[in-house]
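These are my notebook entries on one structure. I set down what I looked up, entry by entry.

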Amino acid sequence: MMVKIIRLTLLAGKQLVRHRTRTLLTLLGVSCGMFLFTTVRAMQSTLDSATRIGAADTTLVVYRENRFCPETSRLPEYYADEMRGLPGVREVIPVKITVNNCGASLDVVVFRGVPPQTLLRYAPDIVLLDGSYETWQQTDDGALIGRLFAEKRGLRVGDAFEGAGVRVIVCGIIESPHAQDNQVAYVHLPFLQLASKRGLGIVTQFNVRVDAIEQLESVASAIDERFRHEADPTYTQPEKAFFAQAAGEMIDLVSFTRWIGYASVLAVLGLIGNAIMLIVRGRVRENAILQTLGYPPVAILYLVLSEGAWLGAAGGGIGVGLVALFLNWRKPTFGNEGQIVALLPDAPTLVIGLALALALGLLASLWPALVASQKPIVESLRS
Amino acid sequence: MTTSHDYPLIRCKGLTKHYRKGRQTVTPLSALDLDVPRGEFLALMGPSGSGKTTLLNLIAGIDRPSEGILEFDRHEIGGLSRGRLARWRAAHVGYIFQLYHLIPVLTAFENVEIPLLLSGLSRRERRERVENALALVGLADRMHHVPSELSGGQEQRVAIARALVTDPPLLVADEPTGDLDRESAASVLALLQQFSAEFGKTIVMVTHDPRCADAAERTLHLEKGKLLEAEEAL
């Protein structure tokens with residue numbers, strides 16, 4: 001049985017390959033549709049993983065109340081000492097963030113200034129790919145830059161670059177499982193405070209690590225309560241919730257793109273359906289001949305379904321493959337309020353794209369396949 | 001006592017076919033009785049609309065009778081389901097069309113191989129069978145040509161190889177020389193005669209052409225869905 005199915009699948013593939021122009025045009029449309037769908041899906045998936053709080057997320061972000069941009073959130077650095085005294089607080093890291101553009105943008109340069117000795121606690125998952133951590137610690141204007149940022153700008157260790165009015169020397173290139181870390185430049189906090197002309201003693205935010213995830217809420221409340229009557233009150237929330245809020249406009253925009261994804265799916269469905277319908281119409285007599293030669297209706301059904309599946313799988317494969325190539329080549333990022341997301345397709349997104357394309361091929365060819373398999377032979381031979 | 005060998009390969013009793021055309025019921029074949037012995041080369045002649053192609057289609061199992069009995073090798077085939085009838089055709093019938101009906105994008109080899117794809121034969125066995133069938137019709141050197149690269153006579157010979165490749169006991173041919181020049185027609189008829197005489201194939205052929213019918217052992221005439229007696233036909 002399996003052997004016969006394979007032979008019929010190959011026969012269907014042969015028919016498509018030898019009707020080259022028609023097949024290529026259909027594949028062009030299908031792959032464009034699946035390219036669009038997979039790109040949108042990659043954006044959704046990237047945002048989803050950036051905003052979903054997991055069990056290991058025990059970090060709070062303390063921001064200036066009613067401020068959303070790193071340029072306007074200014075908090076006194078000495079708040080850190082007071083926070084360290086609150087119950088449940090394990091560590092407090094003051095962070096200064098400088099960006100070239102606070103609004104939604106596809107090309108964001110982000111500098112994160114942290115006390116040099118705290119970097120590995122602030123971002124414990126980073127791995128040094130090139131350069132030296134020690135050199136960075138000893139170089140006031142040194143920067144450790146994310147891999148994607150380095151690749152996108154063609155930067156190597158020893159190079160100097162300037163962004164947002166800050167000029168730094170690349171001391172190392174880092175990689176992290178967290179997308180944001182791969183897109184930023186880590187610099188010394190005092191250096192960034194001076195370079196951005198806000199002065200020493202002012203930071204953008206504090207990253208507060210708590211002992212357990214259950215304490216996130218109580219510690220956040222305690223921090224905000226502590227500074228409620230200060231000149232610079234705070235607003236504290238979990239890191240990913242902070243991201244979701246700060247990048248709210250971007251998330252709304254990306255959420256809207258799901259409709260483009262749905263439209264692409266419908267377009268692919270219609271395209272394959274139309275192609276298969278034309279194939280079946282043009283092959284009424286051929287199918288009757290196959291039946292005359294002993295092919296049962298179910299074999300005709302399977303042949304037509306196979307052609308739809310081939311078109312879906314091949315078009316999907318091309319579209320999804322192009323997405324993977326394109327996103328890895330261009331490494332696009334999008335950001336808002338200093339929060340950036342790297343648009344990288346993950347394996348589940350690619351698999352979903354491929355599986356969906358195959359399913360669309362089968363679905364689109366189901367009705368034409370049923371019609372083709374049920375048509376009486378004699379009537380078809382006369383057509 | 002009738003032995004299995006004496007019993008006709010095809011037996012039609014009261015074979016009738018109706019179909020609806022708009023509001024009318026058309027009866028192209030009416031209460032027809034016919035026996036076709038094993039190994040016979042039979043020609044069916046008659047004017048257009050006489051029911052000869054309908055009879056051929058019933059015998060080939062691509063259509064089903066409305067009434068009557070249609071036996072093949074003592075087995076009633078008129079009542080088989082579409083799926084069973086397809087499997088029966090695959091095993092017992094080779095069909096030769098007037099317009100060859102080869103699949104244009106496939107080579108001669110691939111066209112002939114089509115009926116074998118649903119068999120349990122291995123690739124090597126299929127290749128052997130296809131090459132033998134094409135050699136038998138004299139096209140061993142054309143097996144990798146697509147139909148558009150072949151002449152009409154060659155296309156019909158590929159179609160004959162395709163009908164023969166499963167080694168069916170029955171070959172049915174609907175005007176097999178109707179679209180061929182005289183020389184090609186003669187070569188096709190010679191092949192059919194060879195298959196009947198040498199391989200014992202039972203052949204039922206529909207034709208308009210009396211010269212073509214001369215190649216058969218027996219010729220029957222149909223008119224208005226009924227078989228004519230010999231003297232009527234004359």
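I began with a term: two residues are in contact when heavy atoms of theirs lie within 4.5 Å. I applied this to chain B, where 72% of the contacts between residues at least 6 apart in sequence join residues at least 24 apart. In chain A, the corresponding share is 80%.

Entry on the source. I note that this is a predicted model, in which local features need pLDDT of at least 70, side-chain atom pairs count only at pLDDT 80 or more, and totals for chains, interfaces and linings use all residues. Residues are numbered from 1 along each chain as its sequence is written, chains are lettered from A and ligands numbered from 1 in the order in which they are written, and side-chain values use heavy atoms, with hydrogens and water left out.

Entry on chain A. I counted helices and strands as DSSP runs, numbered from the N terminus (helices are H or I, at least four residues; strands are E, at least two). Chain A has 14 helices and 14 strands. Its radius of gyration is 28 Å, well over the 21 Å of the globule rule for 383 residues, so chain A is more spread out than a compact globule. The radius is taken over C-alpha atoms, and the rule is 2.2 Å times the number of residues to the power 0.38. Along the principal axes, the C-alpha atoms of chain A fill a box of roughly 90 × 45 × 35 Å.

I then looked up burial (buried is under 20% relative accessible area, exposed over 50%, partly exposed in between, with a 1.4 Å probe and protein chains only). Of the 383 residues of chain A, 52% are buried.

Entry on A:Thr59. This residue lies in strand β1 of chain A, residues 59-64. Is A:Thr59 buried or exposed? A:Thr59 is buried, because its relative accessible area is 10%. Leaving aside neighbours within four places in sequence, I found A:Thr59 in contact with A:Asn207, A:Val208, A:Arg209, A:Leu216, A:Pro238 and A:Glu239. With A:Arg209, the side chain of A:Thr59 also makes a polar contact of 3.5 Å. Such a contact is a pair of N or O atoms within 3.5 Å; within protein, one must be able to donate a hydrogen and the other to accept it, and residues adjacent in sequence count only if both atoms are side-chain atoms. A:Met2 is 57 residues from A:Thr59 along the chain, and their C-alpha atoms are separated by 54 Å.

Entry on A:Ser176. I located A:Ser176 in the loop between β8 (166-175) and β9 (185-188) of chain A. A:Ser176 counts as buried because its relative accessibility is 6%. Not counting residues up to four places away in sequence, A:Ser176 touches A:Asp125, A:Ile126, A:Asp181 and A:Asn182.

Entry on chain B. I recorded eight helices and 10 strands for chain B. The radius of gyration of chain B is 18 Å, close to the 17 Å that the globule rule gives for 234 residues, so chain B is as compact as a globular protein of that length. Its C-alpha atoms fill a box of roughly 45 × 45 × 40 Å along the principal axes. Of the 234 residues of chain B, 53% count as buried.

Entry on helix α1 of chain B. How many of its nine residues are buried? Eight are buried, and the helix, residues 52-60, is mostly covered. The buried residues include B:Leu55, B:Leu56 and B:Ile59. Just after the helix, B:Gly61 takes a positive phi of about 75°.
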